[in-house]
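This report is meant for a reader who meets this structure for the first time. It begins with one residue and then turns to the places where the parts of the model touch.

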Number of protein chains: 2
Amino acid sequence: MPAPAAPRRRGPRRALTEQAILDAALSLLDEGGPGAASIRRIAARVDVAPNAIYTYFPRKTAVLRAVAERLLDGVDHDALADRGRPWRIRAGALALELRTTLIAHPGAAVLLVASPLDGPSASTLDERLVELFTDAGLGRAGAAGASYLVMDYVFGSVAREVTGIHDGGPLSPGHEPSAARAASTEQFVWGLDRILDGLSAWAGTKREGPSAHEGAIPPPTP
Amino acid sequence: MPAPAAPRRRGPRRALTEQAILDAALSLLDEGGPGAASIRRIAARVDVAPNAIYTYFPRKTAVLRAVAERLLDGVDHDALADRGRPWRIRAGALALELRTTLIAHPGAAVLLVASPLDGPSASTLDERLVELFTDAGLGRAGAAGASYLVMDYVFGSVAREVTGIHDGGPLSPGHEPSAARAASTEQFVWGLDRILDGLSAWAGTKREGPSAHEGAIPPPTP
DNA sequence: ACCTGAACACCGTTCAAGT
DNA sequence: ACCTGAACACCGTTCAAGT
């Protein structure tokens, strides 16, 4: 039995979907870098007049923010959610996967790093990370601080990696030499391990007793 | 006694200097956000025709990269260079000051995070950081990895902070409510302390002996 | 060597008009 | 409700010309 059909709108059928527009934008970013996703080029790719896009999104920045959301949405939460595994493994897996997802789309990643990231999939990611660090015994404020710390490191590292993109050149995913990519990934993981070491130590001093150590002052909650 | 005059060029005197152009660009970014520094607006502010800018810089991106360089140049190296003080204090002071400098110019900082940063002042900053971490006993590869780690964290945190800038609105330095700014600074410092904890621990395990611990594997040098 | 006016190919966005 | 053509105010960059 099919689900009841959505209520029919009157007037002409929609020629496009939001998804089609975002697909076009992302492929343009993949092919031509952060400057390649103009409203007019997106419109051409989906075969409508430029101003038709404004039926679906109010502004260009809204399109780009939706592309960013879509990228974050593609990040797999499975390893993160599995509470049976040690928290370090879960946090490391999430950070690495987030980085991998973003680096696979350098043109979009440049824009994402400079975008507000206040959408639902960014919030979900953040909430899951906070849960995880709460499991690790960091407490409420500590978990929030740890979440920011890891996310900031990921985004900073991605920003450095995807920088120096020349608008117009072909930069499809997997364009970089794989040796350089592997080395930078190891660098990233090494730094991530130092961060997780630092968080482990802080959780440890915190567990020994309330306010027993000066080092265990929780970060402020803004 | 005045320094010998620079050799006189023939032809009309220069109406501009590179510095004047960068000043104009930076003030536009401060006032109007990352999109406000167009070649045409910069030219108007220094009172020349738009194409006159191309006598001084070959492309718009070159102007913006020079602005980024100029920002980094303003970072005070004194606390970093003083080898008499503990390395943690020195590293923390540098990271905090770098962050403060960038956040004082949000519009420029957005562009800086998305720029290659291969100029001399960026390299100098990096070299000093590597020296510092070498002093800390991290070894050659460890010092390089630690330098990336700290810089990536600073840039990621700055990116999050200066994001959500609305092009066109006034965003002069010091625009944000000081309470929120203080809280986010404390958050940053807390995360930075966790990173430095992690680096300390790694230096410690490393000092106990060569390859004695699995945790002391140095990061790869790319 | 440096600056200008004019032009080119773009761009985001708006508006009136069609269905 | 959605799409179009036309227009507006921009944009980076180039070129020929002036000094």
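## A buried tryptophan and its surroundings

B:Trp190 has a relative accessibility of 5%, and because buried means under 20% relative accessible area, this residue counts as buried. The model in which this value was computed is a predicted one. B:Trp190 has its place in helix α9 of chain B, and its C-alpha lies 20 Å in space from that of B:Phe133, a residue 57 positions away in sequence.

The size of an interface is often given as the accessible area that is lost when the parts come together. Between them, chain B and chain A bury about 3,000 Å², and 68% of this area is on carbon and sulfur atoms. Of the area that chain B buries against chain A, 23% is supplied by B:Asp152, B:Gln187 and B:Trp190, which is more than any other three residues supply.

In terms of residues, 35 from chain B and 36 from chain A take part in the contact. Two salt bridges are counted between chain B and chain A, and one of them joins the side chains of B:Asp152 and A:Arg160, with a distance of 2.7 Å from N to O. On the side of chain B that touches chain A, the elements of chain B that give two or more residues are α6 (106-113), α8 (139-162) and α9 (178-207). The residues of this side of chain B comprise 19 nonpolar, 11 polar and five charged.

## The surface near DNA strand D

Around DNA strand D there are 21 residues, and the closest are A:Arg14, A:Ala15, A:Ala49, A:Asn51 and B:Arg40. By class, the residues of this surface are nine nonpolar, three polar and nine charged. Helix α2 (residues 39-45) of chain B provides the largest share of the surface, with three residues. Among the atoms of DNA strand D within 4 Å of the protein, 53% belong to sugar or phosphate, while the rest belong to bases.

| Protein atom | Atom of DNA strand D | Distance |
|---|---|---|
| A:Ala49, backbone N or O | phosphate oxygen | 2.7 Å |
| B:Ile39, backbone N or O | phosphate oxygen | 2.9 Å |
| B:Arg40, polar side-chain atom | base nitrogen | 2.6 Å |

In these pairs, the backbone of A:Ala49 lies by a phosphate oxygen, whereas the side chain of B:Arg40 lies by a base nitrogen.

Conventions:
Residues numbered from 1 in each chain as written. Chains lettered and ligands numbered in written order. Predicted model: local features only at pLDDT ≥ 70, side-chain atom pairs only at ≥ 80, totals over all residues. Heavy atoms only, no water. Contact = heavy atoms within 4.5 Å. Buried area = accessible area lost by both parts, 1.4 Å probe. Salt bridge = Lys/Arg side-chain N within 4 Å of Asp/Glu carboxyl O. Helix = DSSP H or I, 4+ residues; strand = E, 2+ residues; numbered from the N terminus. Nonpolar A, V, L, I, M, F, W, Y, C, P; charged D, E, K, R; others polar. Near = heavy atom within 4 Å. Polar contact = N/O pair within 3.5 Å; in protein donor to acceptor, adjacent residues only side chain to side chain. Buried < 20%, exposed > 50% of the residue type's maximum accessible area, 1.4 Å probe, protein only.
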